[in-house]
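Subject: Structure handover and notes

Hello,

Here is the structure you asked about, with my notes below it. Please read them with the structure open.

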Amino acid sequence: MSIVENLRLVQNEIPSHVKLIAVSKTKPNEAIMECYEAGQRVFGENKPQELTQKWNDLPKDIEWHMIGHLQTNKVKYIAPFVSLIHSVDSPKLLAVIDKEAAKNNRVIDCLFQMHIAQEETKFGFDYAELAEFLDSGAIDEFKNVCMVGVMGMATFTDDVEQVRGEFHDLKEIFIKIKQKYYASEPSFKEVSMGMSDDFRIAIEEGSTMVRVGSAIFGERVYL
Ligand SMILES: *Cc1c(COP(=O)(O)O)cnc(C)c1O
């Protein structure tokens, strides 16, 4: 099956209120252009250098999302153009994004990455950590970031009910944070959850953004 056929199959399963982020990491510009010519405008990458190179090379009406763990010293590369950073996993990172956004006269939309999986290795806040940070009021100083919701990754497992439970937890966390800290901010509305193997479950559990790579572009080969 071609990339465009895969894209159409995925698009057909996504309701109109859910945004599809086509995850193009490790894939060449030609593959991205096939999707672009089929109308896809939102792409996700997880490495700042690769993201910056692709932004440079490809049409300027593409909306680029940073979805992977971001080191503070790399923020400067993507701050001029990135549309949404899904992976804000510490107050320190948010402070650097705010500073780099200000240098570029921009306000950068961001999501709090929440740790919902059982694996120790996945990045993200837990609810208590995030609540402590938000209670501190430190975020009010950051004028060049706009928090628009949360992101999370489920455990890598075949246990569908576990995955569903973790997505359910993320939605609950979103609702709590929204009510407590962002009740008067309509822009805080996104729940980024769901990848190739679990986006259908994520949508059932209230996802508003799915990040789908291999189901569109095929398996990735890491060299
Ligand atoms: C790679 C990646 C995806 C896409 O994964 P697929 O299984 O290929 O759909 C989604 N989210 C994040 C954070 C990723 O790193």
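In which sense do strand 6 and strand 7 pair, and over how many bridges? Strand 6 pairs with strand 7 (residues 190-192) in the parallel sense, over three bridges. Strands here are DSSP runs of E with at least two residues, helices are DSSP runs of H or I with at least four residues, and both are numbered from the N terminus. Two strands count as paired if DSSP finds at least two bridges between them.

Before the rest, two remarks on conventions. The model is predicted, so to speak of local features requires pLDDT of at least 70, side-chain atom pairs count only at pLDDT 80 or more, and totals for chains, interfaces and linings use all residues. Residues are numbered from 1 along each chain as its sequence is written, and side-chain values use heavy atoms, with hydrogens and water left out.

Strand 6 and its neighbours

Val-150 has Val-191 of strand 7 opposite it. Strand 6 is also joined to strand 5 (residues 108-114), by seven bridges, and these two run parallel. Here Ile-108 has Val-145 of strand 6 as its bridge partner. Strand 6 itself covers residues 145-152, and seven of its eight residues are buried (buried means under 20% relative accessible area, exposed over 50%, partly exposed in between, with a 1.4 Å probe and protein chains only).

One is made of strand 5, helix 6 (residues 127-136) and strand 6, and is right-handed. The other, made of strand 6, helix 7 (residues 160-181) and strand 7, is right-handed too. Right-handed means that, with the strands pointing away from the viewer, the path from the first strand over the helix to the second runs clockwise.

Strands 1 and 8

Strand 1 (residues 19-23) pairs with strand 8 in the parallel sense over four bridges. Ala-22 is opposite Val-212 of strand 8. In strand 8 (residues 209-212), Met-209 and Arg-211 point one way, Val-210 and Val-212 point the other way, and all are buried. In a regular strand, side chains alternate between the two faces of the sheet.

Lys-25 sits in the loop between strand 1 and helix 2 (29-37). Lys-25 is buried, at a relative accessible area of 15%. The unreviewed UniProt entry places "modified residue: N6-(pyridoxal phosphate)lysine" at Lys-25; UniProt positions follow the numbering used here, feature names are shortened, and annotations may be inferred rather than shown by experiment. Thr-26 lies in that loop between strand 1 and helix 2, and its phi is near 70°, a positive value in a residue other than glycine. Thr-26 is partly exposed, with 34% relative accessibility.

The ligand

Residues around the ligand include Lys-25, Met-151, Ser-196, Arg-211, Gly-213 and Ser-214 (a residue is near a molecule if one of its heavy atoms lies within 4 Å of it). A polar side-chain atom of Ser-196 is 2.5 Å from a ligand oxygen atom. For Gly-213, a backbone N or O atom lies 2.8 Å from an oxygen atom of the ligand, and for Ser-214 a backbone N or O atom lies 2.8 Å from an oxygen atom of the ligand. The protein covers 91% of the 380 Å² of accessible area that the ligand has on its own (Shrake-Rupley method, 1.4 Å probe).

Regards

Definitions and conventions: A polar contact is a pair of N or O atoms within 3.5 Å; within protein, one must be able to donate a hydrogen and the other to accept it, and residues adjacent in sequence count only if both atoms are side-chain atoms.
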